[in-house]
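Have the coordinates open while reading. The text below goes through contacts between parts, then a sheet, then some backbone details.

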2 protein chains.
Amino acid sequence: MITRMSELFLRTLRDDPADAEVPSHKLLIRAGYVRPIGPGLYSWLPLGLRVFRKIEQIVREEMNAIGGQEILLPALLPRAAYETTNRWTEYGETLFRLQDRRGNDYLLGPTHEEIFTLTVKGEYSSYKDFPLRLYQIQTKYRDEARPRAGILRGREFVMKDSYSFDVDDDGLKQAYHAHREAYQRIFGRLGVRYVIVSAVSGAMGGSASEEFLAESEVGEDTFVRCLQSGYAANVEAVITAQPEPIPFEGLPDAVVHETGDTPTIATLVDWANGADLPQFADRPVTAADTLKNILLKVREPGGEWELLAVGVPGDREVDDKRLGAALEPAEYALLDDADFARNTFLAKGYIGPKGLLANGVRYLVDPRVGDGTAWITGADEKGRHVVGLVAGRDFVPDGTIEAAEVRDGDPSPDGAGPLVSARGIEIGHIFQLGRKYADAFKADVLGEDGKPLRLTMGSYGIGVSRMVAVLAEQHHDEIGLRWPSAVSPFDVHIVIANKDDDARTGATELASQLDRLGVEPLLDDRKMSPGVKFKDAELLGVPWIVVVGRGWANGVIELRNRFTGKTTELAADGAAAAIVEQLA
Amino acid sequence: MITRMSELFLRTLRDDPADAEVPSHKLLIRAGYVRPIGPGLYSWLPLGLRVFRKIEQIVREEMNAIGGQEILLPALLPRAAYETTNRWTEYGETLFRLQDRRGNDYLLGPTHEEIFTLTVKGEYSSYKDFPLRLYQIQTKYRDEARPRAGILRGREFVMKDSYSFDVDDDGLKQAYHAHREAYQRIFGRLGVRYVIVSAVSGAMGGSASEEFLAESEVGEDTFVRCLQSGYAANVEAVITAQPEPIPFEGLPDAVVHETGDTPTIATLVDWANGADLPQFADRPVTAADTLKNILLKVREPGGEWELLAVGVPGDREVDDKRLGAALEPAEYALLDDADFARNTFLAKGYIGPKGLLANGVRYLVDPRVGDGTAWITGADEKGRHVVGLVAGRDFVPDGTIEAAEVRDGDPSPDGAGPLVSARGIEIGHIFQLGRKYADAFKADVLGEDGKPLRLTMGSYGIGVSRMVAVLAEQHHDEIGLRWPSAVSPFDVHIVIANKDDDARTGATELASQLDRLGVEPLLDDRKMSPGVKFKDAELLGVPWIVVVGRGWANGVIELRNRFTGKTTELAADGAAAAIVEQLA
């Protein structure tokens with residue numbers, strides 16, 4: 001079928017929409033692919049829907065290729081199952097909740113682990129029925145605090161979510177790797193630049209997890225990678241290289257000093273550089289030589305608040321995201337004045353490991369605080385610090401914690417080189433959930449030995465609607481979109497830039513021929529100036545533009561590549577075949 | 001791709017589910033096509049989703065063929081637009097309403113006239129942009145009071161809804177007829193038996209409207225038709241044949257009688273038959289000779305309650321649906337005791353036209369109460385009735401109303417013969433909305449003369465998910481489903497009913513050959529008894545069943561037709577080609 005611009009439901013805009021910040025948002029609005037109807041809520045117009053469907057189909061094909069079976073669950077879900085897993089509460093304000101006319105509670109599904117688990121439990125009862133891989137391509141809802149960047153973070157969006165069900169860990173690993181490879185094929189076919197980063201699984205629970213991040217400056221996720229080895233991880237998942245233990249022999253004893261009014265790292269370093277310390281005879285003291293102890297209170301789900309101290313080198317801040325991920329599922333808060341008043345042994349600004357441990361406070365340190373490292377730190381009395389306090393000798397922490405910020409130049413955990421940070425957009429996420437949901441719903445089947453066997457699960461998501469924006473974000477220039485051919489709304493954009501009836505007829509005939517050859521043409525048959533048409537063609541971003549213009553009289557048409565900008569002249573006679581060849 | 005039953009996510013059930021009443025519901029559950037997850041909420045399992053997608057695709061093709069352009073709107077919608085048209089209120093409890101984290105009101109779209117109107121208004125501004133036909137295939141939500149019959153009436157369901165936009169009435173009529181014909185093609189391709197009935201448009205507003213009803217005993221819609229002429233209408237839309245006016249000359253004068261305690265039609269008829277009335281010398285009085293006056297109070301949107309009396313022949317009840325449709329958008333209620341107490345001129349049980357009209361009560365009558373018809377009716381005093389009261393002579397009603405029940409045997413409005421009633425399921429609905437929504441949103445464009453022109457709209461729906469149940473309802477027998485080939489989840493169901501490895505290999509090879517020839521095979525390769533497999537094949541309802549059984553040793557396989565039950569023997573050699581030929 002030939003789509004004619006004169007009939008296509010499309011109006012392009014000259015100006016960027018006022019509220020659009022990122023290029024994909026601006027261009028998708030200007031080019032008439034989507035329209036906002038409320039915060040984080042978008043309508044897909046014909047061009048946008050075509051791109052969307054092409055992405056959906058590629059995802060579907062690759063999921064089918066790894067034995068995925070497509071099903072479709074409702075978006076409107078009764079509360080009960082989400083109560084069982086506590087996600088009704090855990091999701092907080094992100095969950096859209098509503099009641100029906102009888103006053104029963106419902107939610108709009110943000111993800112479907114619960115219902116998939118119940119569905120499989122409802123149908124299958126024997127180990128023989130597994131492995132099983134199910135998926136859906138379905139509309140999801142999250143009441144984002146700040147819906148932003150158009151369809152990059154909407155409140156109604158479409159995801160492909162799949163779930164694997166296995167009777168043993170080995171099966172889960174196979175399912176995980178099959179999805180990992182399928183995702184690589186999908187993103188490869190879509191033409192998206194991405195990295196796979198180690199991730200912590202957050203509210204989803206479970207053990208192993210990786211994220212697929214599309215490289216983009218406008219991404220909300222920060223990740224780090226080592227350009228030498230290819231190691232990449234979410235900031236929350238970066239593992240700090242732990243130093244080799246240093247032998248204690250020869251290390252000077254710890255000495256307590258009167259340090260005056262030095263409650264901050266800066267004032268402490270100043271004092272130390274004026275104190276003529278023998279350990280620092282040949283170099284100045286820096287913040288990295290100090291050990292900063294942050295006091296928190298932490299509460300496990302259903303538990304009581306308990307004190308926790310986190311020790312990090314004084315030159316680093318604690319990263320909230322890393323701290324939160326490390327403590328999850330516990331929640332945490334900083335101590336308030338009342339807490340300090342209740343715990344009189346805490347000398348604010350002068351807290352040290354010895355006082356913490358002597359008073360039974362749980363004490364976790366950054367992995368850099370390894371055995372044999374010596375520190376300037378608090379001596380648990382106002383105006384006093386200790387110098388040369390050696391980890392493992394003078395104090396033994398309760399363990400390590402990945403809470404300190406990650407910085408460009410930090411060594412990669414694999415030792416291959418420095419880490420550099422970059423921003424990305426989450427386009428896929430794969431989890432080994434393990435038995436979290438199977439436990440919640442007692443999803444057992446009969447094993448080969450006749451005994452019940454608990455299922456183990458994986459969960460795997462791809463943002464299908466978001467991918468439209470991601471591709472627009474990665475593939476555009478200052479004048480418009482540039483779609484990878486696998487997802488372009490049309491294969492060829494034919495511009496009639498010649499008023500002669502003969503040229504118009506020829507262009508239409510070319511469109512028909514291309515259509516018959518399986519190439520989808522968009523024909524700009526509007527009665528407008530060639531300039532307006534060229535601008536629209538560049539904005540819409542179909543990768544190949546055919547111009548039927550002045551050359552028509554001489555039997556020549558032009559073929560332009562939207563990516564390279566290169567223009568080729570083609571004989572009008574036999575042009576369809578030549579174009580098909582160019583596209584292949 | 002070959003789908004193997006050994007891997008397919010499917011468990012068939014021997015017994016009907018406890019809560020299922022209608023055959024399609026029972027069979028779709030037993031055959032593993034859908035699963036309930038809450039009242040009116042269903043998951044689509046692999047077989048069900050395949051049927052669903054085939055229906056969707058046929059609908060899409062035919063909508064594209066009439067120039068429909070597919071777009072996709074959100075299901076989650078801000079309140080504002082529905083406030084403008086008052087549907088936020090009008091929908092009552094049927095609307096799912098919710099709030100986001102900021103306390104703003106949203107709804108789950110039950111239908112999308114508002115947003116389509118706003119979308120078109122937002123893009124287009126000139127008469128040159130029209131005609132325009134847009135559609136979507138999208139998930140809708142209605143909080144039904146009584147979700148029933150599985151996916152026949154769910155609370156989350158998928159509809160194709162299209163909307164036409166034109167600058168004149170002629171354009172609207174063309175769009176309406178294009179949709180009507182497209183719907184006929186769609187339902188023809190799907191293999192559904194249906195009738196087109198005249199309909200009133202209910203809450204949708206607008207003028208001309210027809211419903212497509214699938215004939216089915218379990219349908220919720222009653223319609224009547226004339227088998228002689230093919231006239232068919234929704235009960236709400238039946239037009240009563242109005243009698244020719246009868247000349248007044250020679251009609252006896254009306255006479256008031258003391259009728260004693262006769263407040264009901266039955267007691268009044270008894271009195272009349274004992275009263276020796278000259279008009280009834282040659283036949284007995286029946287209820288049809290009496291005129292029953294029903295008192296209501298009616299309120300237009302935003303207005304005050306006002307009295308309304310409806311006069312119908314005493315042998316007919318007032319049909320609530322017809323009355324409601326006739327009065328829409330006003331609401332109505334019967335009078336309560338307080339109302340009677342306030343209007344002392346109303347002699348309950350003895351109310352007559354003259355008292356009503358004398359006291360300024362609006363009085364509408366059934367069309368059968370035509371000029372010159374004579375009635376026995378109330379005389380506005382307790383214990384008194386009037387005989388021979390002639391419409392048009394003794395009283396002049398304020399108009400007619402289609403509120404009396406329609407009965408089998410009533411004459412068809414076209415005069416061709418009697419009406420008979422039947423039940424149906426609404427599968428499609430086409431409306432000429434006119435300017436109702438364009439008025440609400442001031443959707444104007446510039447006309448050819450440079451003056452603003454208000455758009456006129458049509459709205460056209462097909463129940464896509466419901467259609468799966470409708471087809472199951474129309475095409476099944478006592479042992480299972482029987483799908484029309486256009487929507488069957490597979491083309492051929494191959495049953496391996498022979499334990500020899502050789503037969504298994506042969507069956508698998510046959511499946512591969514069919515797959516290559518474009519025929520979708522389902523291969524039952526499970527290690528189960530042939531009896532179980534045959535039962536499942538009959539239950540699942542693929543129209544052609546191939547049995548690779550005992551005959552395999554002699555080079556013979558069987559091809560069974562699930563509709564006719566007829567079995568043909570085929571040579572195993574070249575069976576694929578022979579099957580393709582049979583299917584065509």
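Seven residue pairs are in polar contact between domain 1 of chain A and domain 3 of chain A, counting pairs with both residues at pLDDT 80 or more. That threshold applies because this is a predicted model. On the domain 1 side of chain A, three elements each supply at least two of the residues that touch domain 3 of chain A: strand S1 (3-4), helix H1 (23-30) and helix H2 (46-65). H2(A) gives the largest share, three residues. Sorted by class, this side of domain 1 of chain A has seven nonpolar, two polar and four charged residues.

Side chains of opposite charge can pair when their charged atoms come close. Between domain 1 of chain A and domain 3 of chain A the count is three salt bridges. A salt bridge joins Glu520(A) and Arg50(A), at 3.1 Å from N to O.

The division of chain A puts these contacts in context. The contact between domain 1 of chain A and domain 3 of chain A takes 13 residues from domain 1 and 13 residues from domain 3. The size of an interface is often given as the accessible area lost when the parts come together. For domain 1 of chain A and domain 3 of chain A, the buried area is about 1,200 Å², and carbon and sulfur atoms give 61% of it.

Three residues, Phe9(B), Arg101(B) and Glu123(B), supply 17% of the area that chain B buries against chain A, more than any other three residues. The contact itself involves 55 residues of chain B and 55 residues of chain A.

Polar contacts between chain B and chain A come to 31 residue pairs, both residues at pLDDT 80 or more. The side of chain B that touches chain A divides into 31 nonpolar, eight polar and 16 charged residues. Eight salt bridges are counted between chain B and chain A. In one salt bridge, the side chains of Glu93(A) and Arg101(B) meet at 3.2 Å from N to O. Arg101(B) is also one of the three residues named above for their share of the area that chain B buries.

Over all chains, the count comes to 98 salt bridges. Asp100(B) forms a salt bridge with Arg155(A), with the closest N and O atoms 3.0 Å apart. This pair crosses between chains: Asp100(B) lies in the loop between strand S6 (96-99) and strand S7 (105-108) of chain B, while Arg155(A) lies in the loop between strand S8 (132-141) and strand S9 (156-166) of chain A.

Chain B also contains an open sheet of five strands with mixed pairing, in the order S17-S15-S16-S18-S21. Which strands form its edges? They are strand S17 (331-334) and strand S21 (399-400) of chain B, each of which pairs on one side only. S17(B) pairs with strand S15 (residues 291-299) of chain B in the antiparallel sense, over four bridges. Lys297(B) stands opposite Ala333(B) in S17(B).

Some backbone details remain. The peptide bond from Phe130(A) to Pro131(A) is cis, with omega near 5 degrees. Pro131(A) lies in the loop between helix H5 (113-123) and S8 of chain A. In chain B, the peptide bond from Phe130(B) to Pro131(B) is cis, with omega near 5 degrees, and Pro131(B) is found in the loop between helix H5 (113-123) and strand S8 (132-141) of chain B. Asn86(A) has a phi near 70 degrees, a positive value in a residue other than glycine. Asn86(A) is located in the loop between helix H3 (80-84) and helix H4 (87-90) of chain A.

Key. Residues numbered from 1 in each chain as written. Chains lettered and ligands numbered in written order. Heavy atoms only, no water. Contact = heavy atoms within 4.5 Å. Buried area = accessible area lost by both parts, 1.4 Å probe. Salt bridge = Lys/Arg side-chain N within 4 Å of Asp/Glu carboxyl O. Polar contact = N/O pair within 3.5 Å; in protein donor to acceptor, adjacent residues only side chain to side chain. Nonpolar A, V, L, I, M, F, W, Y, C, P; charged D, E, K, R; others polar. Pairing = 2+ DSSP bridges.
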